[in-house]
Amino acid sequence: MKLSKRLETVASLVEDNRGVIDIGCDHALLSIFIALNKNPRKVIASDNKEGPLLHAKKNVEKYKVIDKVEIKLGDGVDPIESSIDTIIISGMGGMNIVGILKYKTASFKNVDTIILSPNTDSDFVRREICKLGFYIEEEKLVKDNKIIYPVIRFKRGRKKYKKIEYILGPILVQRKEELFIEYLNNQKNTKSKILEILPKKYIFKRLELKKELKEINKLL
């Protein structure tokens with residue numbers, strides 16, 4: 001089966017022999033791919049809308065993984081069971097992702113791995129998930145439909161990060177791969193434009209942006 005480049009990258013960070021929940025699974029293609037390729041103990045494909053889950057059920061039947069993928073209707077982490085140790089959320093805004101996880105940590109006390117690919121606010125996601133008692137163990141960038149997305153794997157534990165590492169990703173900063181340079185240039189352009197139009201009365205925000213641009217220029 002064929003996944004988008006982004007979902008392929010998300011799947012590449014899923015470890016073998018895990019209990020996985022794909023929150024906001026849409027048509028469950030990622031869940032099915034994991035069932036077929038990652039030898040999971042269990043996969044739950046969950047969504048809070050019945051429409052996508054009807055398509056998900058048809059796909060599960062089509063790829064003959066009824067015994068491996070369970071379809072569940074529910075909000076956020078509510079459908080999690082004790083056998084689940086890996087959470088996946090991809091294709092949502094960063095604020096939404098954090099909202100799903102931040103206030104229901106008791107629901108995923110058995111989870112030791114969280115794989116996230118936010119559409120926006122990746123710095124906020126890194127910071128807030130780390131506050132929940134996780135650290136950034138692996139990161140990748142993927143370019144899909146001309147947009148560069150981060151994919152981040154968190155593990156239980158704690159590490160300290162610099163502000164710029166929350167913004168750009170500690171592992172991405174360390175590796176400085178080719179796509180990361182393009183990502184940096186995109187960040188530089190975006191932040192420069194914001195600085196241009198931001199009124200001078202926002203002194204602290206302007207200083208913050210200037211510091212971030214200085215760090216980005218160093219990396220470039």
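1. Terms for strands and pairing. Helices (H or I, at least four residues) and strands (E, at least two) are DSSP runs, numbered from the N terminus. Two strands pair if DSSP finds at least two bridges between them.

2. Basis of the note. This is a predicted model, in which local features need pLDDT of at least 70, side-chain atom pairs count only at pLDDT 80 or more, and totals for chains, interfaces and linings use all residues. Residues are numbered from 1 along each chain as its sequence is written, and side-chain values use heavy atoms, with hydrogens and water left out.

3. The sheet. Seven strands form an open sheet: the 7 strands follow the order β3-β2-β1-β4-β5-β7-β6, and the pairing is mixed. The edges are β3 (69–73) and β6; each has a single partner strand, so one side of each is left without a neighbour in the sheet. On average, neighbouring strands of this sheet are turned by 15° against each other, direction ignored. Here axes are lines fitted to C-alpha atoms, for helices over the stretch in contact, and angles run from 0 to 180 degrees between N-to-C directions.

4. Pairing around β5. Strand β4 (residues 86–90) runs parallel to strand β5 (residues 113–117), with 5 bridges. Within that pair, serine 90 has serine 117 of β5 as its bridge partner. On β7, the pairing with β5 is antiparallel, over 4 bridges. There isoleucine 114 is bridged to phenylalanine 154 of β7.

5. The β6–β7 hairpin. β6 and β7 run antiparallel and are joined by 10 bridges. Between the two strands of this hairpin lie 2 residues, and asparagine 145 in the turn has a positive phi of about 55°. Lysine 140 has valine 151 of β7 as its bridge partner. Phenylalanine 134 stands opposite arginine 156 in β7.

6. Buried means under 20% relative accessible area, exposed over 50%, partly exposed in between (1.4 Å probe, protein chains only). In strand β6 (residues 134–144), 8 of the 11 residues are buried, so the definition makes the strand mostly covered. As for β7, 8 of its 10 residues are buried, so β7 is largely enclosed by the rest of the structure.

7. Arginine 153. A polar atom of its side chain lies 2.7 Å from the backbone oxygen of leucine 13. A polar contact is a pair of N or O atoms within 3.5 Å; within protein, one must be able to donate a hydrogen and the other to accept it, and residues adjacent in sequence count only if both atoms are side-chain atoms. Leaving aside neighbours within four places in sequence, arginine 153 is in contact with residues including Leu13, Glu15, Thr113, Tyr135 and Glu137.

8. Arginine 156. This residue also belongs to strand β7. Arginine 156 is partly exposed, with a relative accessible area of 35%. Which backbone oxygens lie by a polar atom of its side chain? The oxygen of phenylalanine 108 is 3.1 Å away, and that of valine 111 is 2.7 Å away. Not counting residues up to four places away in sequence, arginine 156 touches residues including Lys109, Asp112, Leu132 and Gly133. The C-alpha atoms of arginine 156 and aspartate 16 are separated by 18 Å, the two being 140 residues apart along the chain.

9. Helix α8 (residues 178–197) lies across β6 and β7, running at about 85° to β6.

10. Helix α5. In α5 (residues 122–131), the buried residues include Ser122, Val125, Arg126 and Ile129. Glycine 133 follows α5 and has a positive phi, near 95°.

11. The largest pocket. On a 1 Å grid over the protein atoms alone, a pocket is an open set of points where a 1.4 Å probe fits, with protein on both sides within 12 Å along at least five of seven lines; lining residues have an atom within 4 Å of a point. Grid points are joined across faces, edges and corners, and a volume is the space filled by probe spheres set on the points. The largest pocket has a volume of about 540 Å³. Its lining has 23 residues, and Asp121, Ser122, Asp123, Gln187 and Lys191 lie nearest its centre. At least two lining residues each come from α5, β7, α6 (163–168), α8 and α9 (203–219). The largest share, 6 residues, comes from α8.

Note on methods:
Contact means heavy atoms within 4.5 Å.
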